[in-house]
Amino acid sequence: MDQNILTIVMVVILAALIFFMFRSSRKRQKQQSELQKQVVPGATVMTNFGVFGTIVSIDEEHNKVELETSPGHILTVHRQTIGRVETTPDTVEETPADAVETETTVGDEKPQFGERIEDVDTASTPESKKTDE
């Protein structure tokens, strides 16, 4: 009697493992198909080996993608090496140059990293009043 219960438990555990394997496989296939839908010319992508670039063209017949990594440098990679789509052409928004505002430091505010500040009190300090005699 104990062997029958043990056999039934083992079969149930095996069935559960097979169910979860198929479920995760379907989930991965769905994610891969969604990624491939986003792979279009003009999209900014990252490959599985860490190279960022913009898709120039796609060869569906040979599963090749041409990536422009920097101006004038084009890499040809297999389509399945695209690991992540950073931006698609529809989501890219460029701000006009006149809409960019610059912040200035006033009073006790700390300057931004790399921002130059002019020392207003340099003319009134004793070191600046020193003259060569």
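Predicted model: local features only at pLDDT ≥ 70, side-chain atom pairs only at ≥ 80, totals over all residues.
**Entry 1: terms and model**

I count two strands as paired if DSSP finds at least two bridges between them. I take helices (H or I, at least four residues) and strands (E, at least two) as DSSP runs, numbered from the N terminus. I number residues from 1 along each chain as its sequence is written, and side-chain values use heavy atoms, with hydrogens and water left out.

**Entry 2: the sheet**

I looked up the strand order first. The sheet is open and has 5 strands in the order β4-β3-β2-β1-β5, with antiparallel pairing. Strands β4 and β5 (82–87) stand at the edges with a single partner strand each, so one side of each has no neighbour in the sheet. From one strand to the next the twist averages 45°; for such angles, axes are lines fitted to C-alpha atoms, for helices over the stretch in contact, and the angle runs from 0 to 180 degrees between N-to-C directions.

**Entry 3: strand pairs**

Strands β1 and β5 run antiparallel and are joined by 4 bridges. Thr44 has Thr87 as its bridge partner in β5. Thr44 also has a bridge partner in β2, namely Thr54.

β1 covers residues 44–47 and β2 covers residues 52–59; the two pair in the antiparallel sense over 3 bridges. Further along, I find Val45 opposite Gly53 in β2 and Met46 opposite Phe52 in β2.

The antiparallel pairing of β2 with β3 has 5 bridges. Here Asp59 has Lys64 of β3 as its bridge partner. On β4, Lys64 stands opposite His78. Strand β3 (residues 64–70) pairs with strand β4 (residues 73–78) over 6 bridges, again in the antiparallel sense.

**Entry 4: turns**

I checked the hairpins for positive phi. The hairpin of β1 and β2 has 4 residues between the strands, and Gly50 there has a positive phi near 90°. In the hairpin of β3 and β4, 2 residues lie between the strands, and Gly72 in the turn has a positive phi of about 90°.

The hairpin of β2 and β3 has 4 residues between its strands, with Asn63 in the turn at a positive phi of about 55°. I noted Asn63 separately, as this is a positive value in a residue other than glycine. Asn63 is in the loop between β2 and β3. Its relative accessible area of 32% makes Asn63 partly exposed; I use buried for under 20%, exposed for over 50% and partly exposed in between (1.4 Å probe, protein chains only).

**Entry 5: salt bridges**

I counted a salt bridge where a side-chain nitrogen of Lys or Arg is within 4 Å of a carboxyl oxygen of Asp or Glu. By this rule I get 2 salt bridges.

One joins the side chains of Arg79 and Glu60, at 2.8 Å from N to O. Arg79 is in the loop between β4 and β5 and Glu60 in the loop between β2 and β3, so the pair ties together parts 19 residues apart in sequence. Arg79 counts as buried at 11% relative accessibility, whereas Glu60 is exposed at 53%.

In the salt bridge of Arg84 with Glu86, the closest N and O atoms are 2.6 Å apart. I list both as partly exposed: Arg84 has a relative accessible area of 41% and Glu86 one of 36%.

**Entry 6: aromatic pair**

I paired rings of Phe, Tyr and Trp (its six-membered ring) with centres within 6.5 Å; planes under 30 degrees apart count as stacked, over 60 as edge-to-face and the rest as tilted. The structure holds 1 aromatic pair. Phe19 and Phe20 make it, edge-to-face, at 5.3 Å centre to centre and with 70° between the planes. Phe20 is partly exposed, with a relative accessible area of 46%.

**Entry 7: nonpolar patch**

I looked for surface patches among residues with over 30% relative accessible area and no salt bridge, joining like charges within 9 Å and nonpolar side chains (Val, Leu, Ile, Met, Phe, Trp, Tyr) within 5 Å. Accessible areas come from the Shrake-Rupley method with a 1.4 Å probe, and for residues only the protein chains shown count as cover. Ile5, Leu6, Val9, Met10, Ile13 and Leu17 form a nonpolar patch, together about 570 Å² of accessible area. Met10 lies in helix α1 (residues 2–38) and counts as exposed at 53% relative accessibility.
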